[in-house]
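Visitor: I'd like to learn how to read the pockets of a protein model. Could you walk me through it?

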Amino acid sequence: MATLVTIKSSPIEDAEALQKAFKGWGTDEKSVITILGHRNVYQRQQIRKSYQETYQEDLLKRLESELSGDFERAVYRWMLEPADRDAVLANVAIKDGNKGHVIIEIVSVLSPEEVLAMRRAYHNRYKHSLEEDVAAHTTGHLRQLLVGLVTSFRYGGDEINPKLAKTEADILHESIKEKKGNPEEAIRILTTRSKTQLLATFNRYRDDHGISITKKLLDNASDDFHKALHTAIRCINDHKKYYEKVLRGALKRVGTDEDGLTRVVVTRAEKDLKDIKEVYYKRNSVHLEDAVAKEISGDYKKFILTLLGK
C-alpha cells in the first residue's frame, strides 16, 4: 500500500508553477515540495515533459541547480522513472565500493520484469551493463553471488515443489554450516529458484533445523560473502521487515544515514510504504514520521514527511 497523497492537476500548470518557484532571489522550496510531493509517477513524467516543451530545459537539470544536499538528492531520485532510479541507485552503490547490500536489495525485491527494465535503464544511462560493473568491483564468491543475482530472470509463478524445498533446505544447511560447505550450491539456489520456491525452502529449513536460515547466517556472517547471502535471503523472505531494519539503522546511528532513509522512502512511497510504516511501529513503538521528524531537518525533512503521507 502506498502512502503518497496525490492531487489531480494539469502538468502544464505544474510546470509553470515550478518555473515561477525558480525565479527571483532563491528558490521557493515550499512550492517544489507541494507540487512534486503530491504527484504520482505518471504525473511527474508529464510535468517533466511539459517543462521541457515549454521552457526547452530539462526539469531534472534545473532542480539539480536550484536545490542542494540531501533535499536535492531526494527530489532528483523521486523525479526519475522507477527503472531509471534503480539504475542510478545501483551505480551509486557500485561507486561507493562498500554498498553491495543496496544492489542485492534492489534485485532481490523487484520482480523479474522490473529487474530486466532496470538493467535496460542501466545500459542506456551508463553505456555498459550492470553485471560488468558489479563483476569489476567484486571478487570470489561474492562476485558469483552478485552477478548471479543481477542477471537472474527468475520464474515468477506460484508453483512449489515440496520435495525440492526439502532437498535444497538441506543443501543450504550444509553450505553455510561453519562456512565449510560449498558456497556455490547456495549461490545456485539463491540466484535461480523462483521466490515462491525459495520461501518454501526457507520455511522447510526452519522446520527441519529449528532455527531460521537468517539467524543461522547471522551467527556466521563475519565476511562479505555471508553478509551478502544474509541480505539476499532477508530481502526475498520478507522485504518489508528488511526495509524496516534499514530505516531503524538509518535513524538510530550517530549521524543519520540520509542515503538509506531516502532510498527506502522514495522507492517504496508508491508501493508498500504504508505497510513498512506499520512494521516499523510494531517493532519500535514509535511512528516512523515522528522518528524521522526528530532526526532530520529543513526542506529535506518537509519533503520526506510529505512522501510519508504527513
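Guide: Gladly! Let's start with residue classes: Ala, Val, Leu, Ile, Met, Phe, Trp, Tyr, Cys and Pro count as nonpolar, Asp, Glu, Lys and Arg as charged, and the others, Gly among them, as polar. Keep in mind that this is a predicted model.

Visitor: How does the lining of the second largest pocket divide into nonpolar, polar and charged residues?

Guide: It has 8 charged residues, alongside 4 polar and 3 nonpolar ones. Thr214, Lys215, Arg234, Lys241 and Lys245 lie nearest the centre of this pocket, out of 15 lining residues. Its space comes to about 390 Å³.

Visitor: Which helix gives the most to the lining of the second largest pocket?

Guide: That is H16, with 5 residues. Helix H14 (213–220), H15, H16 and helix H18 (273–284) each supply at least two.

Visitor: And how much space lies in the largest pocket?

Guide: About 790 Å³. A count of 33 residues lines the largest pocket, and Asn98, Lys99, Gly100, His101 and Thr231 are the ones nearest its centre. By class, that lining holds 14 nonpolar, 10 polar and 9 charged residues.

Visitor: Where does the largest share of that lining come from?

Guide: From H15, which provides 6 residues. Helices supplying at least two residues to the largest pocket include helix H6 (82–96), helix H7 (100–109) and helix H10 (140–151). Helix H15 (224–237) and helix H16 (239–252) are also among them, and these two helices each supply at least two residues to the second largest pocket as well.

Definitions and conventions. Residues numbered from 1 in each chain as written. Predicted model: local features only at pLDDT ≥ 70, side-chain atom pairs only at ≥ 80, totals over all residues. Heavy atoms only, no water. 1 Å grid on protein atoms, 1.4 Å probe; cavity = no way out; pocket = protein on both sides within 12 Å on 5 of 7 lines; lining within 4 Å. Points joined across faces, edges and corners; volume = space filled by probe spheres on them. Helix = DSSP H or I, 4+ residues; strand = E, 2+ residues; numbered from the N terminus.
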